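Subject: Structure for you to look over

Dear colleague,

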Amino acid sequence: MKSNRELKAEAKAILRGRWKDSVLMCIVPTLISIAIALVIIVLAVIPLYQSGMFNDLGSTDAVNSAGGSGGSGGGLISGLFSALFGAGISWTFLDILRGKKQSIQPFSDVFRGFSGAFVLGIIVIYILSTI
C-alpha cells in the first residue's frame, strides 16, 4: 500500500504541465451554475421585484400565502448535475492516471458524465442515494 507521500508525488508527476487545464476543468461547473443563477435572476427575480411582489414580504401572512413551505426540487436537480459533472471530472483524472488520455480538454471533458453508457447509472445511483 502506498503512503500519502508516494500518492502525492505520483499525483504531482501526473499533473505536471497540466495544472491550468485541471483547475479550469474543475471550475467549469461552478461557472455554469453562476451563469444559470444570473439568468434566473434576470428572467424571474428582477421582473417580480419591479412588479412590487416583494413589497409585503415583511409580514408573515405574505410569506405563508406565498408558499412558505419551500421545496427541495432545486436541490435534487442541482445535486444530479453535480453528480454528472463530478463523474466526468473523475473519469478524466482516472484516464490520465491510467495512461488512456494524455491531455485535458476542460470544456469537453467536464461533460463526460452527461454522455456515454453510464449516464443512466449515475442518475439511478444518485436518486437511490438521496431517498
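**What was found**

Ala-83 is found in helix H4, where helices (H or I, at least four residues) and strands (E, at least two) are DSSP runs, numbered from the N terminus. At 25% relative accessibility, Ala-83 counts as partly exposed; buried means under 20% relative accessible area, exposed over 50%, and partly exposed in between, with a 1.4 Å probe and protein chains only. Not counting residues up to four places away in sequence, Ala-83 touches Ile-122 and Tyr-126, contact meaning heavy atoms within 4.5 Å. Ala-83 and Ile-125, although 42 residues apart in sequence, have C-alpha atoms that are 9.5 Å apart in space.

Please bear in mind that this is a predicted model, in which local features need pLDDT of at least 70 and side-chain atom pairs count only at pLDDT 80 or more, while totals for chains, interfaces and linings use all residues. Residues are numbered from 1 along each chain as its sequence is written, and side-chain values use heavy atoms, with hydrogens and water left out.

**The chain as a whole**

The secondary structure of the chain comes to six helices and zero strands, so that the elements, taken from the N terminus on, run α-α-α-α-α-α. Of the 131 residues in the chain, buried residues make up 18%. Among the contacts in the chain with a separation of 6 or more, 67% are accounted for by residues 24 or more positions apart.

Just after H1 comes Gly-17, which takes a positive phi of about 85°.

Helix H2 (residues 19–50) has 32 residues and reaches 45 Å from its first C-alpha to its last, close to the 46 Å expected. H2 is followed by Gly-52, whose phi is positive, near 90°.

Gly-88 lies in helix H4 and, at 0% relative accessibility, counts as buried. With residues up to four places away in sequence left out, Gly-88 touches Asp-109, Val-110, Arg-112 and Gly-113. Gly-88 and Ser-115 are 27 residues apart in sequence, and 9.0 Å apart in space from C-alpha to C-alpha.

Asp-109 is found in helix H5 and also counts as buried, at 4% relative accessibility. Leaving aside its neighbours within four places in sequence, Asp-109 is in contact with Met-25, Gly-88, Thr-92, Lys-101, Ser-103 and Ile-104.

Lys-101 is found in the loop between helix H4 (73–98) and helix H5 (106–109), and counts as buried at 17% relative accessibility. Its side chain makes a polar contact of 3.4 Å with the side chain of Gln-105; a polar contact is a pair of N or O atoms within 3.5 Å, where, within protein, one must be able to donate a hydrogen and the other to accept it, and residues adjacent in sequence count only if both atoms are side-chain atoms. Beyond residues up to four places away in sequence, Lys-101 touches Thr-92, Asp-95, Ile-96, Asp-109 and Arg-112.

**The largest pocket**

The largest pocket is lined by eleven residues, of which Ser-33, Ile-36, Ser-78, Phe-81 and Phe-85 lie nearest its centre. On a 1 Å grid over the protein atoms alone, a pocket is an open set of points with protein on both sides within 12 Å along at least five of seven lines, and lining residues have an atom within 4 Å of a point. H2 and H4 each supply at least two residues of the lining, and H4 gives the most, with six residues. Ser-33 and Phe-81 are 48 residues apart in sequence and 9.6 Å apart in space, C-alpha to C-alpha.

With best wishes

Methods:
Expected span 1.5 Å × (residues − 1). 1 Å grid on protein atoms, 1.4 Å probe; cavity = no way out; pocket = protein on both sides within 12 Å on 5 of 7 lines; lining within 4 Å.
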